[in-house]
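Please consult the sequence and the structure shown here.

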Amino acid sequence: MNETNDNPLKDKRYRELRRQYLVKLILAYIAPSLILIVFFIYQYISLAHAGQVQHLLSVAESQSKILDIFLKERVGNLINLIDTSFTVAGHNAEEVKNYYDDLKRNSGSFIDVGFFYGSGIQENYYGPESFLVNRDYSSEEWFKKLLAQKKRYTITDIYPGLRNKPHFTIGVKKIAGSRTHVVKSSLDPEKIYGYLTAAEKSMDVKISIVNREGEYQLPHVSGRAVSRDFFRLNKENSSKGIVKKVKGENGSLFAWCLLTETDWAVIVAPDRPVTLKSIFIEYCNVISASFFILVVLCVVVFFRSKTMVIDEYNKDLVKSQLEQASKLATIGELSAGIAHEIGNPLNIIANEVGMMQDYADPSFKTGMTLQDMEPHFQKILNSVFRCKDITRKLLTFVRSDKIHLKECDINNVLDDLLDGFFEKELSLKNIELIRNYKAGNSKVKIDANQISQVIVNLITNAADAIEKNGTITIGTEMKNNCVSISVTDTGSGISQEKIDKIFIPFFTTKPAGKGTGLGLSVSYGIVENHGGRIKVESIPGKGSIFTVELPSA
Amino acid sequence: MQEKINLLIIDDEEDFLDTIAKRLEMRGFDVTTASDGYKALEAVKSKKYDIALLDLKMPGLDGFEVLRELKREHKYIEVIILTAHGSVEAAFDCSKLGAYGFLTKPYRFEELISNIKDAYETRLKKKFENDDDMLQKVYARLAGIPLEAESALDMLEELRKLDNDEK
């Protein structure tokens, strides 16, 4: 950790970490939310759309029914007229006017009335366009059609006709012997249209009527409202349907319903054309709510990534402090041992010097010569070198943060560690240390200091587990490109619930003040750093085996 | 008739044992050495010791166990702990178990002698706890000796004589 680093976010490493967290959080939070939001908006819009479609369809249906009924009534009026007024001789002008008045009473949409008595000549006429009297209709399409067909009536498309005023014609016939009488009337479509669009249902829609060709009938403007395709597409005899046109500047969506009386269709389109903009305006609340959620999520992600990085930083800080503490703890544990190990030889030296002082003291009258003192000198020297040996071993424990990998023979590393230092310590507790090296001449690339520390930790734990009287076996073995070092003890073992926790920092089973709970966690870290692993097996009451596996060089 | 103060020294450092025994013998103590706890417990069966000098960290029986055993079996024996393991906890535990003194190695020889003297004095006071006459004599004898550093041995000698007279 950098000492000067009080704001972790300034550090490059943490900036990178934050970037990673941001990406992960965005993937974890925002992406699914976005998908959900889009999904729901889509669902919502299509639901609303379905509702709208349903509405259009029902308007189209009801309006076409109304129109059908209207036309049926008008046809009925005319059929009634032709049936009751039937005469071979024809009518005089007054009679015709009376008939016209009757019709007009039935519906204001009737414009005129004309009578044909077996020929194509309109022999009697009453209406605004009096020049139509005696006009020959025999070549008119509707007239020919009416005579040819079985049905008694026909309804024309709306056309400007001679009067240049949009109207349509209903013709009815009555066959009397060899002659066919015909009554025709022109009707004003504007009256019908006003009737259709006045309904409350049709307030928010545009209603129009088209013929088979897709040409506008009502409102009467020239040109095609829709292509004829939708008639053709519905050959399955359905009388109504929905057309969604992708192309076309207006009326991209409309419902249609065929009339039964004539080849017209009622077309109902939304009042406003459906565009992306109209969708946006209509679903403004949904979209803005989604946007709000996204903004909130972004803010959350932004701050969460920050706190995550700070957490990470604190964790690193604690970890480095732990390592430091562990180092201190190891030194603390060591120094107690060192005090004992060095205290004894120092005491011997003090005693030997005292002995020689006694010899030199004339009051004791020992009469000793310097030669006689030789064994005492030797004892002093032995003690001095005993101390030196301890300081040398101590240096093994000076651990540095960086790993200095060096190829070495694992057995030699262990021997260096075990020779003298542990044997003395363990013999005090009546613990026998057995070396069982099966890995012959096994080279590993390790930091010997750090691995030694691991082994020291394991042996210390083993000794604590045994307490008194037992054996600790240090074994080495070559196993699939790994050198494994095992420390086997005949101690108390580790219970199942504790074995999962032993590598957790500060977890200790030793009495207060005895263990720091750091030895195994630090060991774990060291072995991991070496690319190896540390395993444990234990039978409570029988003992434990700790195995350190290191990749061999 | 006991002539000398009987010391039992228990330590696993044989080099130390030889030398300290020799030096204490030169100062008029009767010294027995034991290199571990079992030997020490064996030794106290056949002979009465006034004072034991005991190491704490030893293979086999450790100092604590030996101390417990000695204090249980021998009412008037005083034990001085000599150890390189100088923790406060250990000193506290030992004094709870009835050790008279606690010296950490390395120590000054005079310190040891002075401790032995004090221990012996304590031993006598305990021994004559119910004998006012003797207690008076001990105090009188102690009062007659000049209080100087090197006088610990002389004082011991006086005390020893007093003890022996009684026997």
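In this predicted model, five strands of chain A form an open sheet in the order β7-β6-β10-β9-β8, with antiparallel pairing. Strands (E, at least two residues) and helices (H or I, at least four) are DSSP runs numbered from the N terminus, and two strands pair if DSSP finds at least two bridges between them. The edge strands, each pairing on one side only, are β7 and β8 of chain A.

| Strand of chain A | Residues |
|---|---|
| β7 | 216–218 |
| β8 | 240–244 |
| β9 | 253–258 |
| β6 | 205–210 |
| β10 | 265–270 |

On average, neighbouring strands are turned by 35° against each other, direction ignored. β8(A) and β9(A) pair in the antiparallel sense over five bridges, and A:I242 stands opposite A:A255 in β9(A). Helix α1 of chain A (residues 12–84) packs on the sheet, touching β6, β8, β9 and β10 of chain A, and its direction makes about 150° with that of β10(A). Axes are lines fitted to C-alpha atoms, for helices over the stretch in contact, with angles from 0 to 180 degrees between N-to-C directions.

Between the chains, 19 residues of chain A are in contact with 20 residues of chain B (C-beta atoms, placed from the backbone, within 7 Å). Helix α7 of chain A (residues 284–360) gives the most to the chain A side, with 14 residues.

Chain B has seven helices and five strands.

Residues are numbered from 1 along each chain as its sequence is written, and chains are lettered from A and ligands numbered from 1 in the order in which they are written. Local features need pLDDT of at least 70 and side-chain atom pairs count only at pLDDT 80 or more, whereas totals for chains, interfaces and linings use all residues.

Terms used:
Contact = placed C-beta atoms within 7 Å.
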